[in-house]
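The structure is shown first.

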Amino acid sequence: MNAITLQELNGRVKSTLQFEMPDAYWVQAEISGINPSSQGHCYLELVQKDTTGKTFLAKAKANVWRNTWLKMKPYFEAETGETLKVGMKVLLQVNVTFHEVYGYSLVVQDIDPTYTMGDMARRRKEILDQLAKDGVIGLNRELEIPLLPHRIAVISSATAAGYGDFRNQLAGNAYGFRFYVKLFQAAMQGDDVERSVIAALDAIAARRDMFDLVVIIRGGGAVSELSCFDSYDLAYNIANFPLPVITGIGHERDDTVADVVAHTKVKTPTAAAEFIINRVFDTAQVLETLGRRLGDSVAERMNAEKLRLERIAQKLPSLFAILKVRHEQMLENVWNRSVTGVRNILTSRTHRLEILEKSVAAADPALILKRGFTLTRLNGHVVRSASDLKPGDRLTTVLADGSVESEII
Amino acid sequence: MKYEEAIKRLEEIVTEIEEGKLDMDRIGDSLKEARELIKLCKDKLYETDEEIKKILEADE
């Protein structure tokens, strides 16, 4: 029997591996454990699961030595905006090693962040597709922001610098608008984000009549770690929320799922404050314009009335003049007619007098006598009829030039 | 009255005056109402509403 020591055996495995697989390999794996050490190294545990995610198909330890880790960590975070964490799918460049004591492990040389981002984007897309299928994806965006959005519910962590900035900006706005801000605390980083933000949303929903808007903000700060906002449950809550939700969780990258379902996304807490102040400014403008229109329209109306009155007043003198002339004419006519009338009357009266005169004159007995008639009197009485006479009567006959005495025989 | 309602009513009044639909007697009343609405809106914009403050603070 040719026995060798364990050390020798392991040594042979080590050499074989070194000889057969000296190259670096790019390998896809999922992180199932991540342990930074006090000396600055980082120990990872990598797995590959089957499609159900329940069975392990492969496992390996991976060491990121200090020098590599010092470069890799910030690089990855800068590229993805995320810290490496359990559950992430990564693409690592590794060398395979076998150590007599510690066994098989990988030595990590490099990482490709694009792969991880691709995986995150894929997961985000899956969630968004599901939300679209559920018919909720556009709901919050359809809500109208009130004309005067000045009562604001803020979801943030109290310590986040973002909240302070937001508050101060609103309180100190240049136009003097008044705002009412109330904080509903929640974790903005780490594992508790989903639960605590949903709890804050529930608390606000119970008081929805007290607010016009919800703002979810967190400070810029160091690393973003936005993947906690890619949660389906959180997004579902936001989408169905009865008030418009503004997200200002701060990022220039691709939107998180929460950003997509929210009413409006802004980059920073400052931008969120600006957004709100601008809305109120627009409303104040509308008010100014209405005030101006009011003033203008009333002035115009007054002017029109004034003109109307003036026009009437102008017409009055001429109308009056016309009236005056007419009146004068009328008076003159009346006068003329009166005078004529009187004259006529006088004329006719005179005429009658003349006629009377003539008649009277014509009735003068002297004229009758002159025509040859006589007047006979008997004892002073005028005789009109022969039958009044008897023989022996002594008559006086008046002629034009005297009288004669006679006796009837 | 709520801000939105006030603005809507204000718009109504201004339009009525602009379109010459009001006679001189009613313009006086409408102008008074419009002024009051404007004041209401301006207060909501620029003055602190103690009611709102109280409600928000009371709820802890």
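The model described here is predicted. In it, the axes of helix H9 (residues 269-362) of chain A and helix H1 (residues 3-18) of chain B cross at roughly 25 degrees, and H9(A) and H1(B) are therefore roughly parallel to each other.

- The axes of H9(A) and H1(B) come within 9 Å, and their crossing is left-handed.
- On the H9(A) side, the contact is made by Val286(A), Leu290(A), Arg293(A), Leu294(A), Ser297(A), Val298(A) and Arg301(A).
- H1(B) contributes Ile7(B), Leu10(B), Glu11(B), Val14(B), Ile17(B) and Glu18(B).
- Sorted by class, the residues of this contact are 8 nonpolar, 1 polar and 4 charged.

**Chain B**

- Chain B contains 3 helices and 0 strands, in the order α-α-α from the N terminus.
- Chain B has 60 residues, of which 17% count as buried.

**Nonpolar cores**

- The largest nonpolar core comprises 61 residues.
- Val214(A), Val215(A), Ala235(A), Ile238(A) and Val261(A) have the most contacts inside this core.
- H9(A) supplies the largest share of the core, 7 residues.
- Leaving aside residues up to four places away in sequence, Ile238(A) touches Asn140(A), Val245(A), Ala258(A), Val261(A) and Ala262(A).
- A second, separate core has 17 residues, including Ala29(A), Leu44(A), Val64(A) and Val90(A).

Key: Residues are numbered from 1 along each chain as its sequence is written. Chains are lettered from A and ligands numbered from 1 in the order in which they are written. This is a predicted model: local features need pLDDT of at least 70, side-chain atom pairs count only at pLDDT 80 or more; totals for chains, interfaces and linings use all residues. Axes are lines fitted to C-alpha atoms, for helices over the stretch in contact, and angles run from 0 to 180 degrees between N-to-C directions. Helices (H or I, at least four residues) and strands (E, at least two) are DSSP runs, numbered from the N terminus. Angles under 35 degrees count as roughly parallel, over 145 as roughly antiparallel, 65 to 115 as roughly perpendicular and the rest as oblique. A crossing is left-handed if the near helix is turned anticlockwise from the far one by less than a right angle, and right-handed if clockwise. Two residues are in contact if their C-beta atoms, placed from the backbone, lie within 7 Å. Ala, Val, Leu, Ile, Met, Phe, Trp, Tyr, Cys and Pro count as nonpolar, Asp, Glu, Lys and Arg as charged, and the others, Gly among them, as polar. A residue is buried if 20 or more other C-beta atoms lie within 10 Å of its own, exposed if 12 or fewer, and partly exposed in between; C-beta atoms are placed from the backbone. A nonpolar core is a set of buried Ala, Val, Leu, Ile, Met, Phe, Trp, Tyr and Cys residues joined through C-beta atoms within 7 Å.
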